[in-house]
There are 2 protein chains.
Amino acid sequence: MGAAMARHLLSGGFELCISTRSPEKAQGLLAAGATWAGTPALVAEQSDFVFSMVGFPSDVEEVLLGQNGALHGASRGAVLIDMTTSKPSLAISLAEAAALQGVHVLDAPVSGGDIGARSASLSIMVGGPAEVVAAVAPCFSLMGSTVVRQGDHGAGQHTKMVNQILIASTMVAMSEGLLYAARAGLNLESVLSSVSPGAAGSWAISNLAPRVLADNFQPGFFVDHFVKDLSIALEEAKTMELVLPGLTQAAQLYEALQAQGRGLDGTQALIFALADLSGLSWPPSVA
Amino acid sequence: MGAAMARHLLSGGFELCISTRSPEKAQGLLAAGATWAGTPALVAEQSDFVFSMVGFPSDVEEVLLGQNGALHGASRGAVLIDMTTSKPSLAISLAEAAALQGVHVLDAPVSGGDIGARSASLSIMVGGPAEVVAAVAPCFSLMGSTVVRQGDHGAGQHTKMVNQILIASTMVAMSEGLLYAARAGLNLESVLSSVSPGAAGSWAISNLAPRVLADNFQPGFFVDHFVKDLSIALEEAKTMELVLPGLTQAAQLYEALQAQGRGLDGTQALIFALADLSGLSWPPSVA
């Protein structure tokens, strides 16, 4: 996703300096006019805005706060914008660490996946001071079609957690609905035509259920990444003394799916974990 | 809903004879030109097509098979169309009982609620022989905008169960997402603007979440009716040896809500049951 998003900045007229942990991922951007720096710190030395998009919260810490991290190279007044889905509490501590050097931080996770990144139709959920968000807005609007400042540091990450909580139980709904339909011997395309337009409709039903019917379990979004996101959401919920049984159950089903070796499948593969609970394969035999 | 649907048949040029268990509900239709019959059997004596829409499966049995039920008055070749959300197995046994008299039966539950009934935009999910569905199609198209034959007897009811299974966990998703957002101190309108257009989006998020934010828990669809539907879905799942943990959990949360005296609220009231699990009210204090 990062490459596609960076390309929009380049096309939009910004000078772009990049650093990637896997150098081969940089080739396309370098060919398109970006320059290379060996570390995030070296990127930061020559940049006003530094965007990061990595994997886990520990990667965010390394890339921003580590020995070669962006904060070490950042000048007073620079802005570090972390677009990784990560912990709200980390967004706050990053901002505090950076403030000691007069550096600004925004948390700006996205939803919309590979397709949204390529078509610049991401939803970008931003946390941080309004004037810093305004300064970076021209960049955000090159990458996303829905850009909303959600509040102060961490509010972008919290909003992304809401997004993932919504997806989690909606995916359980979709998987159970399809499983019931198949087990009852219904024609799944016909069922979708009846249920999609109404109160049972969702983005998942419109976009992922047809992939399940086409036996396409390629990742729009990896199970492994979703498990990471849900574990952050559960941890935050616990901190807030919030009991979320749907999220808990969905996270467990996705962990079961991961345990079954499907971590690199797309989230729509959840139907395998649900079928497995009843000792069935997908598609199941008709009852 | 039945009154609004019947009115479309009348406006569409059909002669309409009605029987209602609560006579006052008939007044509007009688004023508009319908005629009255004292019992479903008397309706059936003068009708080619007999539509029923009542509450529970036991009501369906009474209205169709009981002493004064429609089957007792129906002529050979008549069609009984049950639009109640009811058991797939009952749809099959009704069809078998009617076939002994040369009477046809269709199961044709709907989704879309009061609004869909009034605006003739219901989704009608039909089970029964294709030629019988074709004969009744002119009536269905006056009442709904999506009319799909899903298969033989019971397939309409099974499809409606899929619809309710999808709604059940999607409502859990919505309630938990809103609860998390409020507890994290986010602005809920802003959160909805970020999450609604993307992969977390659903009919519920677009239509019911704004009602929660407006403190509107009036029923589009009653909790009591939803509990009935989910209990039918669970019973059918058990018959098919299908384990559906999301549905099970959602049904229990809705039963808790009912136990809290909210059976006549709309389904969006689920957020109270979820807040209650954490000892919180809605909206909750910020953590």
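# A tour of the two chains

Start by selecting Asp215(A): this residue is exposed, with a relative accessible area of 55%. Exposed means over 50% relative accessible area, buried under 20%, and partly exposed in between (1.4 Å probe, protein chains only). Before moving on, note that this is a predicted model, where local features need pLDDT of at least 70, side-chain atom pairs count only at pLDDT 80 or more, and totals for chains, interfaces and linings use all residues. Residues are numbered from 1 along each chain as its sequence is written, chains are lettered from A and ligands numbered from 1 in the order in which they are written, and side-chain values use heavy atoms, with hydrogens and water left out.

**Stop 1: Asp215 in both chains**

Stay on Asp215(A). Its phi is positive, about 60°, although the residue is not a glycine. Look at the loop between helix H12 (209-213) and helix H13 (223-239) of chain A; Asp215(A) sits there. Helices (H or I, at least four residues) and strands (E, at least two) are DSSP runs, numbered from the N terminus.

Now select Asp215(B). Here too phi is positive at about 60°, and the residue is not a glycine. Asp215(B) belongs to the loop between helix H12 (209-213) and helix H13 (223-239) of chain B. With 57% relative accessibility, Asp215(B) counts as exposed.

**Stop 2: the axis**

**Stop 3: strand E4 of chain A**

Select residues 79-82 of chain A, which form strand E4. Which way do the side chains point? Val79(A) and Ile81(A) point one way, Leu80(A) and Asp82(A) the other, and all are buried. In a regular strand the side chains alternate between the two faces of the sheet.

Strand E3 (residues 49-52) of chain A pairs with E4(A) in the parallel sense over four bridges. Two strands pair if DSSP finds at least two bridges between them. Phe51(A) is the residue opposite Ile81(A) of E4(A). Strand E5 (residues 104-107) of chain A also pairs with E4(A), in the parallel sense and over four bridges. Val79(A) stands opposite His104(A) in E5(A). Follow the chain from E4(A) through helix H6 (residues 88-99) of chain A to E5(A): this β-α-β crossover is right-handed. Right-handed means that, with the strands pointing away from the viewer, the path from the first strand over the helix to the second runs clockwise.

**Stop 4: the cavities**

Rolling a probe the size of a water molecule over the atoms shows where empty space is left. A cavity is a set of points, on a 1 Å grid over the protein atoms alone, where a 1.4 Å probe fits but cannot get out; lining residues have an atom within 4 Å of a point. Grid points are joined across faces, edges and corners, and a volume is the space filled by probe spheres set on the points. How many cavities of 30 Å³ or more are there? The count is two.

Go to the largest cavity, which holds about 50 Å³ of space. Its lining includes Ser169(A), Gln249(A), Ser169(B) and Ala250(B). Helices H9 (155-183) and H14 (245-259) of chain A, and H9 (155-183) and H14 (245-259) of chain B, each supply at least two lining residues. H14(B) gives the most, with three. By class, this lining has three nonpolar, six polar and no charged residues. Ala, Val, Leu, Ile, Met, Phe, Trp, Tyr, Cys and Pro count as nonpolar, Asp, Glu, Lys and Arg as charged, and the others, Gly among them, as polar.

Next, the second largest cavity, with about 40 Å³ of space. Select its lining; among the residues are Val60(B), Asp82(B), Lys87(B), Leu106(B) and Gln157(B). Helix H6 (88-99) and strand E5 (104-107) of chain B are the elements that give two or more residues to this lining. The lining of the second largest cavity divides into six nonpolar, two polar and three charged residues.

**Stop 5: cis peptide bonds**

Select Trp282(A) and Pro283(A). The peptide bond between them is cis, with omega near -10°. Pro283(A) lies in the segment after helix H15 (270-277) of chain A. In chain B, Trp282(B) and Pro283(B) are joined by a cis peptide bond, with omega about -10°.

Terms used: On a 1 Å grid over the protein atoms alone, a cavity is a set of points where a 1.4 Å probe fits but cannot get out, and a pocket is an open set with protein on both sides within 12 Å along at least five of seven lines; lining residues have an atom within 4 Å of a point.
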